[in-house]
Amino acid sequence: MSRSKTITRRRFLGTAATAAAVAVVPRHVLGGEGHQPPSETVTGALIGNGGRGKGAWGAMGLKDPRQLAICDVDRKRIGGEPDYKTRFLDFRRVMERKDIDVVCIATPPHWHALICIAAAQAGKDIFCEKPMTKFIAEGRAIADAVKQHNVVFQIGTFKRFSNAKNKAHVENHQIFKHGLLKDLSGTVVNAGAQNRTGRTDLKVRPVPPELDYDMWLGPAPYKPYHPDRVHYKNRFYWDYEGGDLTNFGAHSTDPIFWTYAKDNTGPVQIEPHAPWPQHPDAVGHYGWVELTFADGLRIIVTGGKWDKARKYDRPKKRSMVGAKDLDEEGRKKLAALPPPEPLIRFAEAIRTRQQAGGNAESSHRVTTALHLANIAIRVGRKIRWDPVSEQIVGDEEANRFVNIPMRAPWHL
Amino acid sequence: MEPSNTPAAGTTAVGAAAVSALAAARSSAAEPSKKVADVLDKLPADDYQTAGRLCTALLEGGPAVVTELVNLVGDEFGDPNGVKPKYALHGLAHYASRPGAEKSRAMLAETLAAELAAEHSDELKAFIVRQLQLCGRTREIPALAKLLVSDRLCNPATQALVAIGSPAALKALRDALPKAEGPRQVAISQAVELLSRK
């Protein structure tokens with residue numbers, strides 16, 4: 001491989017800064033019409049080449065990224081046996097490649113945390129499919145690793161970017177962020193999610209030869225193989241994801257967290273409404289879950305498939321608030337506020353070395369709220385959450401879902 | 001790391017034969033009593049009040065009902081006859097662990113721990129261990145620690161011990177470590193490290 005093909009964006013940025021002082025930089029390096037300079041060419045690896053692989057790669061929004069490696073535990077998805085140059089079965093080997101700037105993670109969620117942390121430790125920027133994690137402590141570990149290693153993180157959901165450009169949402173965001181309205185107890189927001197379920201009657205089936213099932217399971221408990229447990233349908237088993245509540249719920253809840261300025265906190269009370277008990281293995285139906293925040297905001301995550309007659313029927317008093325809801329003094333304060341920090345996309349975040357709009361901290365907070373909803377559904381009772389200590393209060397059993405021990409040799 | 005596609009009981013020829021023999025031996029006992037059958041028919045319930053009443057009815061049956069439910073789950077993973085009993089036992093693990101229900105939780109956990117010494121398949125024991133990961137406390141540590149010598153059950157047992165997380169759990173893991181080899185040694189060492197951090 002020639003030197004021009006192996007130069008990386010970050011190495012270029014470092015060397016170009018030094019060289020610029022003493023040399024004339026050629027036109028093709030600077031870019032311009034018809035030229036893409038190395039400084040804008042991002043190199044990446046796709047980890048998890050299943051149903052969301054190509055979509056996630058495109059969703060990064062990078063200009064002509066160069067895919068240098070592909071990794072999956074299913075040999076069919078990497079075109080045969082791994083060569084550990086461009087085709088990998090083990091993500092840890094991908095991290096050894098110094099010429100990869102970005103990893104795009106589209107594996108099942110029970111793998112997200114360990115791969116994100118390994119990527120951060122290897123100094124690679126991260127694009128991670130939603131939901132960010134399988135359980136709450138993983139999100140804190142990712143956010144800490146991203147901060148410690150100064151890498152960029154973006155979650156694979158984007159509606160918050162349009163909310164941040166919408167005047168009404170921005171006004172609402174400002175009012176909540178700066179506490180301009182004291183009584184928020186009537187504010188109720190619906191976050192819709194689908195509600196598909198897992199199967200409770202799966203028998204043991206032979207593992208197909210192309211699949212490294214032990215590596216597919218990774219940190220998840222060992223359970224015998226069945227094709228319904230892997231390759232997308234894994235979403236509907238508690239060991240690997242949280243069903244559609246975390247799957248589609250991430251799309252609807254993430255923008256709400258921005259609009260209502262909850263990116264650094266979480267609900268303090270979580271009340272479920274669902275059939276009970278849930279199956280120990282397969283995700284079941286749920287009706288809705290009320291997430292109540294310290295300022296009175298309530299987010300209602302609704303499933304919709306349980307029983308139509310049991311739809312959430314509490315009167316919806318108010319959703320968005322605006323200047324019209326403030327008194328004279330409040331309106332003056334609102335008008336005097338500086339605009340909120342703009343949310344920047346992944347590509348710009350990589351280029352400017354700032355955190356992206358869907359960064360690790362906010363994604364952790366959003367995903368935590370959804371995990372809490374699932375924990376309440378599973379234990380079948382109202383739970384209380386401390387968003388500062390990130391612990392469930394006064395319920396030892398429920399709190400055991402916050403940091404679930406992984407199957408060795410994997411651990412946070 | 002464990003080898004790829006680690007065979008577990010139920011996936012190897014020997015394991016499958018053992019499970020079938022156990023299942024056959026237990027087939028006559030795999031009929032629920034009327035009291036238990038009445039509850040199983042109603043699970044899962046549509047509301048928490050009803051579910052609570054059903055769980056209370058099962059817990060009032062004491063260790064005998066818990067043992068009956070364990071036997072009804074069956075030795076084979078995915079046994080269709082075991083679906084409702086799994087709902088019931090898993091529900092009990094949550095219900096009895098609710099704040100303020102210590103007596104019920106202690107009875108359930110103690111009975112489940114005793115079942116780990118009974119003649120069940122590894123898959124059924126793994127299921128029991130996962131319930132103890134939720135409702136187990138210090139008292140269940142010795143029963144879980146005995147599983148650290150099992151290739152199939154060592155990992156779930158370490159996870160349950162880490163979840164229980166007391167100095168007694170750490171001691172049990174440390175005591176087991178010198179005799180462990182291979183993947184069991186890795187699992188136990190890791191659990192020791194995790195608990196030592198707490």
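This is a predicted model: local features need pLDDT of at least 70, side-chain atom pairs count only at pLDDT 80 or more; totals for chains, interfaces and linings use all residues.
Reader: Which element gives the most to the side of domain 1 of chain A that touches domain 2 of chain A?
Author: In this contact, 29 residues of domain 1 of chain A meet 31 residues of domain 2 of chain A. Helix 7 (136–149) and strand 6 (153–155) of chain A each supply at least two residues of the domain 1 side. By class, that side has 15 nonpolar, seven polar and seven charged residues. The most, six residues, comes from helix 7 of chain A.

Reader: What is the strand order of the open sheet in chain A with parallel pairing?
Author: This sheet has six strands. Its edge strands are strand 3 (87–88) and strand 6 of chain A, each pairing on one side only.

Reader: Which residue stands opposite A:Cys71 in strand 3 of chain A?
Author: Strand 2 (residues 66–71) and strand 3 of chain A run parallel. Two bridges join them. Opposite A:Cys71 stands A:Phe88.

Reader: At about what angle does helix 6 of chain A run to strand 5 of chain A?
Author: Helix 6 covers residues 112–121 of chain A. It lies across strand 1 (43–47), strand 4 (102–105) and strand 5 (125–128) of chain A. To strand 5 of chain A, helix 6 runs at about 160 degrees.

Reader: Which strands are the edge strands of the open sheet with mixed pairing in chain A?
Author: That sheet has six strands in the order 7-10-9-8-11-12. From one strand to the next, the twist averages 25 degrees. Two strands pair on one side only: strand 7 (188–192) and strand 12 (391–393) of chain A.

Reader: What is the bridge partner of A:Asp386 in strand 12 of chain A?
Author: Strand 11 (residues 383–386) of chain A runs antiparallel to strand 12 of chain A. Three bridges join the two strands. The partner of A:Asp386 is A:Gln391.

Reader: Across which strands of chain A does helix 14 lie?
Author: Helix 11 (residues 243–259) of chain A lies across strand 7 and strand 10 (298–302). Helix 14 (residues 360–379) of chain A runs at about 50 degrees to strand 8 of chain A. Helix 14 lies across strand 8 (269–273), strand 9 (288–292), strand 10 and strand 11 of chain A.

Reader: Is helix 4 of chain B parallel or oblique to helix 5 of chain B?
Author: Two packed helices are described by the angle between their axes and the distance between the axes. Helix 4 (residues 62–73) and helix 5 (residues 83–96) of chain B pack at about 140 degrees, with axes 8 Å apart. That angle makes helix 4 of chain B oblique to helix 5 of chain B.

Reader: How many residues of the contact of helix 4 with helix 5 of chain B are nonpolar?
Author: Helix 4 of chain B brings B:Leu69, B:Val70, B:Leu72 and B:Val73. Helix 5 of chain B brings B:Pro85, B:Lys86, B:Ala88 and B:Leu89. One residue is charged, none is polar, and the nonpolar number seven.

Reader: Which helix gives the most to the side of domain 1 of chain B that touches domain 2 of chain B?
Author: Chain B is assigned domain 1 (9–136) and domain 2 (143–198). Twelve residues of domain 1 are in contact with eleven residues of domain 2. Seven residues of the domain 1 side come from helix 7 (residues 122–135) of chain B.

Reader: Which element gives the largest share of the side of chain B that touches chain A?
Author: The contact takes 41 residues from chain B and 32 from chain A. On the chain B side, 22 are nonpolar, 14 polar and five charged. The largest share is seven residues, from helix 5 of chain B.

Reader: Where does B:Pro44 lie?
Author: Most peptide bonds are trans. The bond joining B:Leu43 and B:Pro44 is cis, with omega about -5 degrees. B:Pro44 lies in the loop between helix 2 (34–41) and helix 3 of chain B.

Note on methods
Residues are numbered from 1 along each chain as its sequence is written. Chains are lettered from A and ligands numbered from 1 in the order in which they are written. Axes are lines fitted to C-alpha atoms, for helices over the stretch in contact, and angles run from 0 to 180 degrees between N-to-C directions. Helices (H or I, at least four residues) and strands (E, at least two) are DSSP runs, numbered from the N terminus. Angles under 35 degrees count as roughly parallel, over 145 as roughly antiparallel, 65 to 115 as roughly perpendicular and the rest as oblique. Two residues are in contact if their C-beta atoms, placed from the backbone, lie within 7 Å. Ala, Val, Leu, Ile, Met, Phe, Trp, Tyr, Cys and Pro count as nonpolar, Asp, Glu, Lys and Arg as charged, and the others, Gly among them, as polar. Domain bounds come from an automatic or database domain assignment. Two strands pair if DSSP finds at least two bridges between them.
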